[in-house]
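Subject: The structure for you to look at

Hello,

Here is the structure I promised to pass on. Have a look at it first, and then read my notes below.

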Amino acid sequence: MMLMEVRVPVIKYQYILTMIFATEEINRNPKLLPNKSINFQFSPTKCDDSWAIIYHLNSMETKEDIVPNYNCEIVQCTLLCTGPSWATSSRIGALFSIFNLGQVRLCDNRIHYGPFHPILSDRFQYPYLYQIAPKETRLPFAIVTLMLHFNWTWMGLVISDDDQGIQFLSDLREKMQGNELCLAFVNVIPLNMQLYNTRAEKYYQQIVTSLANVVIIYGEMNSTLEVSFRRWAYLGIHRIWVTTSQWDVITNTGRDFIRDSFHGAFTFSNHYQEIPNFKKFIQTVNTSQYPINFSVMQSEWMCFNCLDIESKCETQSKCSLNTLLKWYASQGLDIAMNDESYNLYNAVYAWAYAYHEIYYEQVDVHPIISLCLLDCSKIYHTMKNLQFINPIGDIVTINEKTKCDADYDIFHISNFPQGLGIKVKIGQFSSYGSPGQQLHLSDEAIEWATGGRQVPSSQCSETCRPGFRKFLQEGKAACCFDCSPCPENEISNKTDMDQCVKCPITQYASIEKNHCLQKSMKFLAYEEPLGMALASLALSFSALTALVLGVFVKHQDTPIVKANNRANSYILLIALKFCFLCSLLFIGHPNTAKCILQQITFAILFTVAVSTILAKTITVVLAFRVTAPGKKMRGLLLSRATNYIIPICTFIQLVLCGLWLGTSPPFVDTDAHSELGHIIIVCNKGSVTAFYCVLGYLGSLAVGSFSVAFLARNLPDTFNEAKFLTFSMLVFCSVWVTFLPVYHSTKGKAMVTVEVFSILASSAGLLGCIFFPKCYIILLRPSKNSLKRTKKTILSNQLISKF
């Protein structure tokens with residue numbers, strides 16, 4: 001039998017129950033310690049507010065001698081388990097090292113069962129101290145991941161003023177960078193109580209006045225940090241606490257909170273499987289068989305309070321520990337181990353595995369002697385590199401160089417009336433999961449634990465919804481910002497975007513500016529009202545021109561038709577008819593052929609029309625200025641030299657158009673900016689220089705025609721049409737002078753509309769000013785269109801000229 005005497009300071013009962021459970025489980029395992037058993041004896045030793053469990057492991061003879069005529073000597077091996085505070089482990093280790101208490105070197109076998117602390121890894125200060133807990137280097141990242149999941153961007157931090165707290169602050173800030181998370185305040189709680197008392201009110205005001213609804217707590221219990229937290233809980237501060245599992249008991253404040261609320265605590269606990277039969281052990285354990293005074297221990301571990309015995313318990317027996325354990329387990333509430341208890345459970349097994357390895361190693365060397373004697377000095381060297389699989393399948397590593405980062409279970413602790421609390425697992429964080437897949441939370445568990453899925457906000461500024469972007473406030477943290485709408489044709493499809501994104505050229509921003517819409521293709525179509533109206537006008541004017549031409553052909557022998565060159569009138573009417581029809585090329589879906597014909601047809605036809613007017617005006621001038629006998633230019637009129645004006649002017653325009661087509665001809669283009677939501681299909685002019693050369697040449701002909709007609713407007717004659725030509729060219733020039741600035745100020749379909757309207761207006765001006773007065777005389781005043789009336793008018797004009 002192996003006797004394990006346990007000297008226990010005033011410790012929390014959960015560690016004792018864990019130790020008892022682990023010890024009895026090992027004793028029932030015939031493969032781990034065969035032919036041996038572990039017994040224990042508690043010696044209540046008051047130390048401080050932390051706890052240490054001292055295992056005196058005695059190898060002694062049983063009642064029946066194992067080997068005849070051989071008595072085994074008692075050899076005591078001591079295992080010192082300290083924690084959960086690292087300071088306690090440090091002080092106790094130093095104390096036992098100095099005084100070298102016990103029958104063997106205590107320093108050779110010490111395990112810290114509290115949270116992993118880097119200071120205790122210093123082999124120079126603590127050469128024989130092991131830490132059973134995994135490393136917590138990933139804890140800051142796990143907390144940041146939880147903050148991002150719930151979109152808590154504005155939070156407070158409370159830490160102890162020690163190396164571990166400062167290191168946690170540094171690691172947390174590093175993980176927060178680039179994730180748009182900010183610290184509203186940082187309370188660094190001093191370890192000295194007197195110094196803390198002088199600053200306690202400041203810390204309280206910081207947390208009360210801050211908009212941060214989430215507060216992270218990191219540090220050890222049994223410190224000024226715990227005093228501070230208990231004070232805040234007493235004063236009724238309502239926050240979401242995020243901390244580690246050692247604060248489970250403290251975060252259950254015993255105050256009554258609203259059930260349908262996230263307010264409570266989120267704790268990160270090292271991940272491990274549930275220990276089989278542990279709950280059953282809690283329910284069935286008979287504490288009377290152990291020499292321990294359980295009655296003085298409070299049930300904080302299970303979040304049950306029986307402080308007020310008279311008011312909460314009818315009888316003293318109802319509040320006995322066995323009764324409370326059975327009642328609490330029957331409710332199905334949380335009675336699982338916490339991190340420190342699980343570490344203690346592994347520490348007992350670590351010692352058992354180390355003993356097992358040493359024992360069988362000595363059996364191989366000294367089969368008989370090893371049955372009684374055990375070299376306890378080898379335990380240190382064995383445990384130094386010990387790695388084993390505990391009964392629940394978790395790998396336990398003592399060697400800190402091969403120790404892995406911890407995975408975390410995430411719990412939510414809710415407070416209920418009468419000081420009860422419940423701890424529910426809501427998810428897990430895997431330190432070695434793929435990016436973005438490390439945090440796993442159960443929505444159903446969260447809803448069950450909090451009473452709803454409404455997540456309270458913890459932000460410095462309201463979230464910028466889609467369609468807006470963040471505008472940082474000068475001199476404030478990055479989490480404090482204003483929201484401004486996205487600029488024109490830019491969107492933001494997520495919340496809290498720093499910059500808006502421009503829509504592609506083929507898309508446009510919606511009214512809400514939260515997504516891009518596909519632009520529709522658009523052009524001046526015949527089906528739409530504007531296209532239909534312009535096409536109707538073009539066809540109507542073309543038909544009217546044909547009607548005027550018919551009238552002139554029918555009355556071709558009348559004086560008014562013969563006057564001013566009848567052939568030129570026919571050419572002008574035909575040119576105007578096609579000018580009206582060429583506007584139809586600008587309506588409908590553009591293509592390359594249409595784009596070329598638009599400009600070339602327009603230029604040639606209008607050149608013919610304007611050069612015809614120029615020829616008519618020159619004919620009028622020659623008729624009145626050079627018909628007198630002896631004039632040298634009379635031959636020009638008689639030789640009909642004016643008839644060459646039209647082909648010559650048209651040929652020059654053809655040359656210009658040929659150069660245009662040869663260098664940079666018109667082509668189909670799109671305009672995605674003129675109209676919101678539409679891509680306008682237009683004809684690009686190609687060479688702008690060639691376009692303005694063609695237009696400039698046409699304008700020079702128009703100005704020349706206007707000038708000549710203006711000079712001949714007052715010449716006396718019965719059918720002198722110089723006045724009509726003057727007015728027609730005035731209208732023509734006015735239309736195209738107005739066209740240029742309007743054309744440049746419009747884009748897309750409006751540009752095409754302006755060009756079509758200018759073609760129709762200028763052509764209608766020529767038709768109306770030149771031919772409508774003649775049609776009026778032909779159709780309505782035929783008496784003025786007779787040879788007799790013409791002769792009287794000529795004679796009258798001659799008499800007037802003599803006087």
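**Helix α3**

The buried residues of α3 include Leu139, Pro140, Ala142, Ile143, Val144, Thr145, Leu146, Met147 and Phe150; buried means under 20% relative accessible area, exposed over 50%, and partly exposed in between, with a 1.4 Å probe and protein chains only. The helix is mostly covered, with nine of its 12 residues buried. It runs over residues 139-150 and reaches 17 Å from first C-alpha to last, close to the 16 Å expected at 1.5 Å a residue (the expected span is 1.5 Å times one less than the number of residues). Asn151, with a positive phi near 60 degrees, follows α3. Helices (H or I, at least four residues) and strands (E, at least two) are DSSP runs numbered from the N terminus.

Before you go on, please keep in mind that this is a predicted model: local features need pLDDT of at least 70 and side-chain atom pairs count only at pLDDT 80 or more, while totals for chains, interfaces and linings use all residues. Residues are numbered from 1 along each chain as its sequence is written, and side-chain values use heavy atoms, leaving out hydrogens and water.

**Disulfides**

How many disulfides does a search of the whole structure find? There are six, a disulfide being a pair of cysteine sulfur atoms within 2.5 Å.

- Cys460 and Cys480 have their sulfur atoms 1.9 Å apart. The torsion about their S-S bond is about 100 degrees, so this disulfide is right-handed. Cys460 counts as partly exposed at 21% relative accessibility, and Cys480 as buried at 5%.
- Cys464 is joined to Cys483, S to S 1.9 Å, and the link is left-handed, with -95 degrees about the S-S bond. Cys464 is in the loop between α13 and β18, whereas Cys483 is in strand β19, 19 residues apart. Cys464 is buried at 0%; Cys483 is partly exposed at 34%.
- Cys486 is joined to Cys500, S to S 2.0 Å, and this link is left-handed too, at -80 degrees. Both cysteines are buried.

**Strand β26**

Five of the seven residues in β26 (residues 678-684) are buried. β26 runs parallel to β24 (residues 520-522), joined by three bridges, and Lys522 stands opposite Ile680. With β25 (residues 667-671) the pairing is antiparallel over five bridges, and Val668 has Cys683 as its bridge partner. Strands pair if DSSP finds at least two bridges between them. β25 and β26 form a hairpin with six residues between them, and Gly677 in the turn has a positive phi of about 85 degrees.

Best wishes
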